[in-house]
Amino acid sequence: MIHDLDVAERRKVLLMSEKREKELAPRGKSLLNEYILIDGKYFRVVGIYEDDQMSSQTTLYTPYTTVQTLYGKGTAIDELMISGKGLDTEEKNESFEFRLRQGLGKIHTFHPEDQSAVWIWNQARDNEQMNRASSILQVSLWVLGMLTLLSGVVGVSNIMLIAVKERTHEFGIRKALGAKPWNIIRMIILESLIITAIFGYIGMLAGIGFCEYMNATVGNQTLDIGIFQQQVFIDPTVDISTCVRATCIIIIAGALAGFFPARNAAKVKPIEALRG
């Protein structure tokens, strides 16, 4: 949105974020093609860029030639941002950063391994490390969830074992009247599924309620650590795909919790059950 002609003619044009526009613009109005006053100088807003939802995005962009002229910076450069392509691994980023240091070292006569000569913040490499840490965290949460679910399955299975033992006489009567082993197994597994589903969904609703509480209280808050601002707890809610996966897991868990007690009940002989 800032063109070569803007740079060549040192025009006072500006590019701002959606969040900054909402802070400055009257309700329901846009600042596009309007003039705003910055440090006693008027700039025309020529573009609004979309927020990435990960930071406050308060940066304003204007031609560097305009900044050089207005603030007398000459040819001095405080910061240089480079956008690369194909740097999708940490090894490629390390190689690119080293070659960049080599090129700068030849121009400004410093050794490429001298880390103090020039400071480079490789966001792609940091992002790769954060993604790896996030993946480890997600796997850990799934493992904890599965272990918690396993303990629940054991608990339900124990309950069903006690229920089967107390209903031995009933199963004997059913089998004496012609009930097949599969009928007994199906009945117990169905009861186990109902118990698991009811309390599983109670737990799921409690988790969703907690996420909604977090969203209402600390959701989309901005953490200001000085050098940059970061939004935390961005939309901490549960999506439908997670609920569907949880439902499938609950069904499997309920079936497993009831299968082994049901198998024991199906093995009961009618004469022994009636005698007991």
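1. Arg263 belongs to helix H8. Ile185 is 78 residues away from Arg263 in sequence, yet their C-alpha atoms are 6.2 Å apart in space.

2. The structure is a predicted model, in which local features need pLDDT of at least 70 and side-chain atom pairs count only at pLDDT 80 or more, while totals for chains, interfaces and linings use all residues. Residues are numbered from 1 along each chain as its sequence is written, and side-chain values use heavy atoms, with hydrogens and water left out.

3. The overall composition comes next. The protein contains nine helices and five strands, where helices (H or I, at least four residues) and strands (E, at least two) are DSSP runs numbered from the N terminus. Starting at the N terminus, the order of elements is α-β-α-β-β-α-α-α-α-α-β-β-α-α. Of the 276 residues in the protein, 22% are buried. Among the contacts (heavy atoms within 4.5 Å) with a separation of 6 or more, 65% involve residues 24 or more positions apart.

4. Helix H5 (residues 123-166) packs against helix H8 (residues 240-266): their axes come within 9 Å and cross at roughly 35 degrees. Axes are lines fitted to C-alpha atoms, for helices over the stretch in contact, and the angles run from 0 to 180 degrees between N-to-C directions. The crossing of H5 and H8 is right-handed, a term for a near helix turned clockwise from the far one by less than a right angle. On the H5 side, the contact is formed by Trp142, Met146, Leu149, Val153, Val156, Ser157, Met160, Leu161 and Val164. On the H8 side, Arg245, Ile249, Ala253, Ala257, Pro261, Asn264 and Ala265 take part. Sorted by class, the contact of H5 with H8 has 13 nonpolar, two polar and one charged residues; Ala, Val, Leu, Ile, Met, Phe, Trp, Tyr, Cys and Pro count as nonpolar, Asp, Glu, Lys and Arg as charged, and the others, Gly among them, as polar.

5. H5 also packs against helix H7 (residues 181-217), at an angle of about 140 degrees and with the axes 11 Å apart. H5 and H7 are therefore oblique to each other, the class left over once angles under 35 degrees (roughly parallel), over 145 (roughly antiparallel) and 65 to 115 (roughly perpendicular) are set aside. The crossing of H5 and H7 is right-handed. Val156, Met160 and Val164 of H5 meet Ile188, Glu191, Ser192, Ile195 and Thr196 of H7. In this contact of H5 with H7 there are five nonpolar, two polar and one charged residues.

6. Two aromatic pairs are counted. Rings of Phe, Tyr and Trp (its six-membered ring) pair if their centres lie within 6.5 Å, and planes under 30 degrees apart count as stacked, over 60 as edge-to-face and the rest as tilted. The rings of Tyr49 and Tyr61 are edge-to-face, because their centres are 5.7 Å apart and their planes stand at 65 degrees. Tyr49 lies in strand E3 (residues 41-49) and Tyr61 in the loop between E3 and helix H3 (64-71), so the pair ties together parts that are twelve residues apart in sequence. Tyr49 is buried at 15% relative accessibility, whereas Tyr61 is partly exposed at 36%. The rings of Trp119 and Trp121 have centres 6.5 Å apart and planes at 25 degrees, so this pair is stacked. Trp119 is exposed at 70% relative accessibility, and Trp121 is partly exposed at 47%.

7. Asn93, in helix H4 (residues 90-108), is buried at 1% relative accessibility. Apart from neighbours within four places in sequence, Asn93 contacts Leu87, Asn122, Ala124 and Arg125. Thr65, in helix H3, is buried with a relative accessible area of 8%. With neighbours within four places in sequence again left aside, Thr65 contacts Asp6, Val7 and Arg10. Cys243, in helix H8, is buried at 16% relative accessibility. The C-alpha atom of Cys243 is separated by 9.7 Å from that of Ile208, 35 residues apart along the chain.

Methods: Buried < 20%, exposed > 50% of the residue type's maximum accessible area, 1.4 Å probe, protein only.
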